[in-house]
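Trainee: I am new to this structure, and I would like a close look at one part of the picture before anything else. Please take me slowly through the salt bridges, and then through the places around them.

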Amino acid sequence: MTDAPETRKILALLSSPRKKGNSNTLARQIIKSAESEGAAVETIYLHGMNISPCQGCYACQRKGSKGCAIDDDMQSLYPKLIAADTWIISSPVYWFNMCAQAKLFMDRCFALFASGPKVLTGKRIGIAMSYGDSDPFNSGCVNALRTFQDAYNYVGAKIIGKVYGSAEEPGEIAANSALMAEAEALGKKLAGR
């Protein structure tokens, strides 16, 4: 009898308002690669979902809390976020940081701690980002990456890898073969044990 490794469960959270945008193009390359390695990937497009801003009410942090008090589409995401061992998060850089859809999602993850203080400990994270400027510092990409690094380090999750690059027109980033190869390599890494 062989002990086959469990299939890695990956939740891909794509936040660009452009479905064929550059950060989503990178994320789809990561997803395709992870799936080719046997990972089970569910893709969620955050744009278009009804996700309200965190109200800072702390209902999710009270003793005996069942989670976030806001009744919106995040309620359907919470169980998926907990069940997945790996997350892929994509975002374009808008005004020197991650886009609003990604930030809303990040803020609302605070309610996950109603499931326990270590609910995110050990989660594996892959990041895909795109920006318009040719420089990740001038564009603000570094600010967004730092936000992800600080948040996930704080909760005990581990960023396994990140891919990011410059492109303007939707899907243009697909022509950057070196970057697409990096995204493919990250997908394999995220699917691995």
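Mentor: A search of the whole structure finds 7 salt bridges, a salt bridge being a side-chain nitrogen of Lys or Arg within 4 Å of a carboxyl oxygen of Asp or Glu. Please keep in mind that this is a predicted model, in which local features need pLDDT of at least 70 and side-chain atom pairs count only at pLDDT 80 or more, while totals for chains, interfaces and linings use all residues. Residues are numbered from 1 along each chain as its sequence is written, and side-chain values use heavy atoms, with hydrogens and water left out.

One of the salt bridges joins Asp85 and Arg8, with 3.3 Å from N to O. Because Asp85 lies in the loop between α2 and β3 and Arg8 in the segment before β1 (9-14), this pair ties together parts that are 77 residues apart in sequence; the helices (H or I, at least four residues) and strands (E, at least two) are DSSP runs, numbered from the N terminus. Arg8 is buried at 6% relative accessibility, whereas Asp85 is partly exposed at 23%. In these terms, buried means under 20% relative accessible area, exposed over 50%, and partly exposed in between, with a 1.4 Å probe and protein chains only.

Other pairs sit within a helix. Asp107 and Lys103, whose closest N and O atoms are 2.5 Å apart, both belong to α3 and are 4 residues apart, about one turn of the helix. Asp107 is partly exposed at 32%, and Lys103 is partly exposed at 38%. In α5, Arg146 and Asp150 form a salt bridge of 2.8 Å, N to O, and they too are 4 residues apart, or about one helical turn; Asp150 is partly exposed, with a relative accessible area of 41%. Elsewhere, Glu37, Glu184 and Lys188 are linked in a network of salt bridges.

The helices α3 (100-108) and α5 (141-155) also each supply at least two residues to the lining of the largest pocket, with α5 giving the most, 5 residues. A pocket is found on a 1 Å grid over the protein atoms alone, as an open set of points with protein on both sides within 12 Å along at least five of seven lines, and lining residues have an atom within 4 Å of a point. This pocket has a volume of about 320 Å³, a volume being the space filled by probe spheres set on grid points that are joined across faces, edges and corners. Of its 13 lining residues, the closest to the centre are Met106, Phe110, Phe113, Ala151 and Val155. The lining divides into 10 nonpolar, 1 polar and 2 charged residues, where Ala, Val, Leu, Ile, Met, Phe, Trp, Tyr, Cys and Pro count as nonpolar, Asp, Glu, Lys and Arg as charged, and the others, Gly among them, as polar.

The structure also holds 1 cavity of 30 Å³ or more, a cavity being a set of points where a 1.4 Å probe fits but cannot get out. The largest cavity has a volume of about 90 Å³, and among its 14 lining residues Cys54, Cys57, Cys60, Cys68 and Ala111 lie nearest its centre. Its lining has 10 nonpolar, 2 polar and 2 charged residues.
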